[in-house]
Amino acid sequence: MDRRLERILPKVQKPARYVGGEYNAVMKDKADVDVRFAFCFPDTYEIGMSNLGFRILYGVMNDMPGVWCERVFAPWTDMEAELRGNGIPLFALESGDSVADFDIIGFSVGYEMAYTAMLNMLDLAGLPLRSADRPGLSPLVVAGGTAMYNAEPVADFIDLALIGEGEDQLPELIELYRRAKKEGWDKPRFLRAACRIGGVYVPSLYDVTYHKDGTIAAITPLDGAPERVYKRVVHDMDKSYYPARTIVPSTEIVHDRVTLEVFRGCIRGCRFCQAGYVYRPVRNRSVDQLIQYGQEAVRDSGYQEMTLASLSTSDYPGLVRLCDGLSAFCEDHHVNLSLPSLRADNFSMELMQRLQNGRKAGLTFAPEAGTQRLRDAINKNVTEDELTESLKTAFSGGWNSVKLYFMLGLPTETDEDVLGIAEIAKHAVHTWREYASNKNRGLRITVSTSWFVPKPFTAFQWEAQISREEYERRVKLLREAITAKAVTYNWHDGDTSFLEAILARGDRRLCKVLETAFRKGAKLDAWSDCFDLNRWLEAFAECGLDPAFYANRERSRDEIMPWSVISCYVSDQYLWHQRELAYRSVTTPDCRTQCGGCGASCVEGGECYRG
Amino acid sequence: MGKLRLFFVKEGRAAYISHLDLLRTFQRVFLREGIVLRHSQGFHPHPIISFAMPLPVGQESDCEILDFETNGDIDTAALPARLNSGMPEGIAALACAEPVLPVRELAALSCKVDLLYDSCVPSGAAEKIAALLGGGSVVIQKRTKHKSLADVDIRPMIRDLRLEEAPGVLRLYAVVSAQNPGLNPALLAAAVEKYLPELSPDFVRVRRLAVLDGSGASFR
């Protein structure tokens, strides 16, 4: 171990996060390696190691001969201070080598609030933040993940973005880099070649001009860069890599269990949900393969918890068969099988009861909106009757703790919709009084609201986020309407959601705001104890930009969106149509019932949903 | 099968795995080999597994002890190699056997405390430190079980001490009481810092070398 590291570890909290050496961490002989990839997660170890996509790509890359992918996480503030104070550059966990010495530095970026952590990690590595200030081919700085569907706020910092799923695309990029390194290409030549790989977006190859009012006038591709960059997807889940043998951290992480990804995409089409649109089309893994992977993963890891992951697990066609197929094995090995992301319908409730074996963990439902009208508008096709039925089943089955999630500030929301949330909570209390099997244990209902953030590639991408004052008024309205003692009301901190709304639909002029906020100390904005909106407001003022222009302005149909070079195959026409339906509170059937013609089928060459 | 005792090394990167994390890690290491630990019979069954003397985070050891019980029969001779195939880096099982003595008879720890000096070991340091730790009383602040600080004379807990000087490092080979009360060897360095501040080292490394019973023989 590095002598300097040894000296600082006794001074920081949870030092096990910074040393690596876990079971199944991949070690390679540097003599056999010609491409070294520093896989950076712009958040802490506990968060990053809980990310399945990160584990998949770690496995995919390390399966490539001659490639060594190592992990790098954002240090917590105490560790950062020690690193900086002792002049130790950011290092990778496996080899302990400095990140700046790697060939490729790749960020996995799932959410906008991680942007400043990316900058902080580049800075801790001792690298210039801006792509233009890193003239050499290496280290090449790339970024992928859901947040990169709009990479503009970080366009000046990264050399390229990887759009969509990385299983096939990342190896193609690495092979191109290997060739470029061997043949001594310079960075511009490499980037011109890289933009021909499907799903690779090179921001510096696009010139952006603006109207006087600040909206975008034109985005012009340069040097033969493609007019549109289409996301990459894995076509056949059964042939795609699954990390059955994966790192088992020696310290506790957030999702400390086996995660089985049952399918990608979602048939539901909730109009606010970015994941629901960008991960189309739905692709299932077969039941038999999942059973085999589940058993292999439990045997290899020693985990005694397994979870079935997807955007909406009740929609997996083989769910009952899968649970039946795993139950004997799970019982034999004392493995607890859990199913998050279940819908509030009776089928799911029965399944839950069967799996829980008497244990009554908390139940969570996400009706998202307080009235049927608004639920129809957002296409969250859950009725109050269905919710009541589920609650009946839950309370009579012995559950006494329920969480209900909602959003405030959804398009078309009125005070009636806000008060509808309190009504739902009240009904839940009534249902409990009527059906609870054991009233002695009391009832706990938690109502949580978040502040709606309009996201790119959704039906609501043109919407304004409601103002801060209006959001706070609605919180107060709801708070005063919730009177039952059994109901606790939590609301989401407004500062974070406001910044998220700015960054989610930002253009590349935000790069200088990001850099300014970072210089003012923004570095772990996803953590409320590190986040300070004032830093950002100051940065906006210094850069002469208006946050409300990004967050609180309704955009017109013909406005060029900052991310319009990128395509997730779902057409703008479809999204606009969905928005119009929302304003008429007309629902759209799920993809399995009827194809809505969103455009995602192009990716599969015609037919979209099979099975 | 009844009670078993595993001896293992914990060093390098694994020195930073905390006590609770190590418990979890071992539970999984056994499961990776398909070995089912015996569980308590309570409302929330937990595996019967315990460390004889929890090792402070950051210290290394050649002589850690894990006591456990299994349901089925186990080839104890083959067990260390089996477990080692599923260990994190820095943990290595050495031997497994039925316990000879109960943990309460673990009397002393043989350990090595390295006082590192970045420039060089100050002249006369070895003599002064030997005199301090071999003298009358050495009172330092120690955290009690109730998390408060108390002044404790650690001199009676030091059973043997030998010093060795090498370039940049002064090695304290000590035998200290293991329990009732026990002495964390790191406190030997703390004593130097308190009584001989001019000899404060730049860094301290601690390693347990052996566990001993009341007669000074290897604890088994």
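This is a predicted model: local features need pLDDT of at least 70, side-chain atom pairs count only at pLDDT 80 or more; totals for chains, interfaces and linings use all residues.
The interface of the two chains comes first. Chain A contributes 28 residues to the contact, and chain B contributes 21 residues. The size of an interface is often given as the accessible area lost when the parts come together. For chain A and chain B, this buried area is about 2,000 Å², with 50% of it on carbon and sulfur atoms. On the side of chain A, the three residues that supply more than any other three are A:Arg7, A:Tyr23 and A:Ser250, which account for 28% of the area that chain A buries against chain B. Charged side chains also meet across this interface, where four salt bridges are found. One salt bridge joins A:Asp256 to B:Arg28, with an N to O distance of 3.4 Å.

Chain B can next be taken by itself. Its assignment gives two domains: domain 1 covers residues 3-99, and domain 2 covers residues 104-213. Taken over C-alpha atoms, the centres of these domains of chain B are 28 Å apart. Their contact draws on 14 residues of domain 1 and 12 residues of domain 2. Between them, the two domains of chain B bury about 1,100 Å², of which 51% lies on carbon and sulfur atoms. Within domain 1 of chain B, the residues that lose the most area to domain 2 are B:Met53, B:Gln59 and B:Cys63, together giving 51% of what that side buries. Salt bridges occur here too, and the count between the two domains of chain B is four. In the salt bridge of B:Arg207 with B:Asp62, the closest N and O atoms are 2.5 Å apart.

A local feature of chain A is the pairing of two strands. Strand E7 of chain A spans residues 206-210, strand E8 of chain A spans residues 216-221, and the two run antiparallel with five bridges between them. Within this pairing, A:Asp207 has A:Thr220 in E8(A) as its bridge partner. E7(A) and E8(A) make a hairpin, with five residues lying between the strands. In the turn, A:Gly214 has a positive phi of about 95°.

The cysteines remain. A disulfide is a covalent bond between the sulfur atoms of two cysteines. A search over all chains finds zero disulfides in the whole structure.

Conventions: Residues are numbered from 1 along each chain as its sequence is written. Chains are lettered from A and ligands numbered from 1 in the order in which they are written. Side-chain values use heavy atoms; hydrogens and water are left out. A disulfide is a pair of cysteine sulfur atoms within 2.5 Å. Two strands pair if DSSP finds at least two bridges between them. Helices (H or I, at least four residues) and strands (E, at least two) are DSSP runs, numbered from the N terminus. Domain bounds come from an automatic or database domain assignment. Contact means heavy atoms within 4.5 Å. Buried area is the accessible area (1.4 Å probe) that two parts lose on being put together, summed over both.
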